[in-house]
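Thanks for making the time this morning. I would like to walk through one structure with you, going from backbone details to the packing inside.

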Amino acid sequence: MVSMGWTMKLATAALFLGLTMVVPRDEEDGDMCTYEALSDTDAVLCKGLEVFYPELGNIGCMFVPDCNNYRQKITHWDEPIVKFPGALEGATYILVMVDPDAPSRSSPKAQFWRHWLVTDIKGVDMKKGKIQGQELSAYQPPSPPAQSGFHRYQFFVYLQEGQNISLHSKENKTRGNWKMDKFLNHFHLSEPEASTQFMTENYQDSPNYQPPAGGSSEPTDKPKQS
């Protein structure tokens, strides 16, 4: 029997092999759970960054699998572990997570939706996946609207170089329509040191979705969709 730890290593290897991995979903019923790598076009963004969610492992450069309610679970999980193994221990970094496909990839009128923004992250912590610093925008889980297709959730790590990074009052009023390029230019942040992305869609759009009997299972504190 293949252990789940080894299974996740195989799933991650799919990124480099360009393959679709199939791993057990439930050992008892023998169903299969597919970990599918992103297309070559979308994989261009995947450079040196790892993003770990509970149960899923490193989901960088992957589609969130359509099994085990993962596409619903990820809308409620806390922030992921984000690791940059190539981080310089003496440096300071900025982490940005955005959705460029709000409200949809075909009509991104609210691009960019800011899901997470943390500054002053020490390199030694960035290497270990400890995102500790000044949180300018608290983590907001992926929650793509129904019938909006797949959304890309992008992570970027920038070298801070001693600057004091902040959001102005207008930026703090909303997460949508964030002028990310303007923000980066203002603080002279050029190319990211590392980046990655994953893709998911609203779980109710899945062909395997079955509405719960006896009413909705949605929590009352459902996050803003993006």
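In which strand is Asp120 found? Asp120 is found in strand 7, where strands are DSSP runs of E with at least two residues, numbered from the N terminus. Before going on, please note that this is a predicted model, in which local features need pLDDT of at least 70 and side-chain atom pairs count only at pLDDT 80 or more, whereas totals for chains, interfaces and linings use all residues. Residues are numbered from 1 along each chain as its sequence is written, and side-chain values use heavy atoms, with hydrogens and water left out.

Asp120 is not a glycine, yet its phi is positive, at about 60°, and with 37% relative accessibility Asp120 is partly exposed, meaning between buried, under 20% relative accessible area, and exposed, over 50%, for a 1.4 Å probe and protein chains only. Glu55, in the loop between strand 3 and strand 4, also has a positive phi, near 70°.

The loop between strand 6 and strand 7 holds Pro103, which is joined to Ala102 by a cis peptide bond with omega of about 0°. Phe112 is in the loop between strand 6 and strand 7, and the peptide bond from Gln111 to Phe112 is cis, with omega near -10°.

Definitions and conventions. Helix = DSSP H or I, 4+ residues; strand = E, 2+ residues; numbered from the N terminus.
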